[in-house]
Amino acid sequence: MEFMILIHGDESSPRLAPGDPGFDEYMGSWFAYNQMLIDGGHWVSGANLAPTSSATTLRHTPGQAPEIVDGPFAETKEQFGGFYLISAENLDEAIELAKKLPTNSGSLEIRPVAFRPDAG
Amino acid sequence: MLALLTRRFGDLDAADDAVQDALITALTAWQSGVPERPAAWLYTVARNTLVDQMRRDRASRRRLHEAAPELTAHHTTTENEEEDDLIMDASSLGDERLRLLLLCCHPALDRDTQVALTLRLAGGLSAAEVAAAYLLPESTLTQRVVRAKRKIREAGMPLTIPANLDERVDALLRVLYLIFNEGYLSRGSEHVTRVDLMLEAIRLTRQVVDEVPASAEAEGLLALELYHQARSGTRVDGLGELVLLEHQDRTGWNLDVITEADARLHSAMTRMAPGPYQVQAIIAGHHANAHTAADTDWAAIAELYAQLGRMTANPVVELNRAVAIAMADGPLAGLAVLDRLTGLDDYHLFHATRGELLARAGRPASASFERARELTSNEAERRHLERRAAETATAR
């Protein structure tokens, strides 16, 4: 099965920038996680998104032309920041893989993929 | 049986339906005589239904695939329908039963759903019985179960023994104890038609003890449930009024059940893996084996509650410790513990306890009983608190 791990977190919380002490270690933990997924045959896809300040929302109303709105879909305490698309035997394995993500705040939503046109 | 079928066909919902259908078929088919192996008969009927259904599904999938290949998944359907002999020996059935229980209590399901599924699928109660036990409309319960089955199927929740078995057994025991308490506390309330959730919880806990013999906590929970069950008959008087532990008629306690609880607790403790259920069982054992309330070793119980508090960080434990200290050292010592306790202002038993201790210390108590009465939803408890509020108001 394929699962998407949706990464939600507080964008405004301080984060490390290149050159900061500890930045390399921080990035290293993500690279190591990615490598673990690849080595285990779990990797399908993944991405880190630019912050919601760069978001544009296209809102549909039946019978009207879509409205283009500056900003994210909803103002929330936690924002959608990135995702992994993984292959796992079942939900238990997906949860175990999500637990290994090097995040220590925010939340991770795990959803099975119902249909993916480019699935191999 | 449901567990076996679910495991073989990978579809809990369809398996549940098939078992229900088989039972209905049996109602008419068995009128002329019950077959030699009724369980095997039912299993065969249910399995045949499922095989038929899979053939139909496969045929329609094939048609869909021919019509719109881009819409159907590529996973190859295995055509081997191995018609192996019925495997119904107790060992494999027990293992399947545990898998089903663990699935019903999967942490990806919310607590109410875990309870509903456990009773409905592992306990085998009807939707109407579970709904009645929790005073819910049957449609609500049915909806809850349907949604849960869909989530189990769509979210890819496996019917396997998990790698983190200890953690998952903890979750399972929590659900069973919740069911037990619902049954224990609702006993003697006006809903006399309720199925006996207490006995159902004990039955399921026994299964877990049998299937996970390494778990000291499972057997600890069983001991705890048995101690409570042994004195459940004296918890309410003939008029349906609540009787406090110290006033209960100890000759009415079931000695056979207490003896079994003692043995279970002893067996759990020999595994040298202490846990909150075992500590609670030790406390319940102190009560169950004391001849009178005054005979009880309250100092030991206070110490056990302190131990339990370190394990669970639950303020209710501290409330119980306050009671034990009041019994050992007097109401003022208990009240001193209560005064340091925070976070229980909305908990009726906090105020009820405070009321009792104040009354014993000869201080005004009816306001505490009043507050407790406002907070409880249990009818018998409410009447008891009303009575105490009135008694302490006139005593002043």
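**View 1. Contacts along the sequence of chain A.** Among contacts (heavy atoms within 4.5 Å) in chain A between residues at least 6 apart in sequence, 75% join residues at least 24 apart. This is a predicted model, in which local features need pLDDT of at least 70 and side-chain atom pairs count only at pLDDT 80 or more, while totals for chains, interfaces and linings use all residues. Residues are numbered from 1 along each chain as its sequence is written, chains are lettered from A in the order in which they are written, and side-chain values use heavy atoms, with hydrogens and water left out.

**View 2. Helices and strands of chain A.** Chain A contains two helices and six strands, taken as DSSP runs (helices H or I, at least four residues; strands E, at least two) and numbered from the N terminus. Along the sequence, their pattern is β-α-β-β-β-β-α-β. The C-alpha trace of chain A spans about 50 × 40 × 20 Å along its principal axes.

**View 3. The contact between chain A and chain B.** Ten residues of chain A and 13 residues of chain B take part in the contact. The area buried between the two chains (accessible area, 1.4 Å probe, lost on being put together and summed over both) is about 750 Å², and carbon and sulfur atoms give 56% of this area. Leu91(A), Asp92(A) and Phe115(A) supply 52% of the area that chain A buries against chain B, more than any other three residues.

**View 4. Salt bridges between the chains.** Two salt bridges (a side-chain nitrogen of Lys or Arg within 4 Å of a carboxyl oxygen of Asp or Glu) are counted between chain A and chain B. Lys99(A) and Glu167(B) form a salt bridge through their side chains, at 3.9 Å from N to O.
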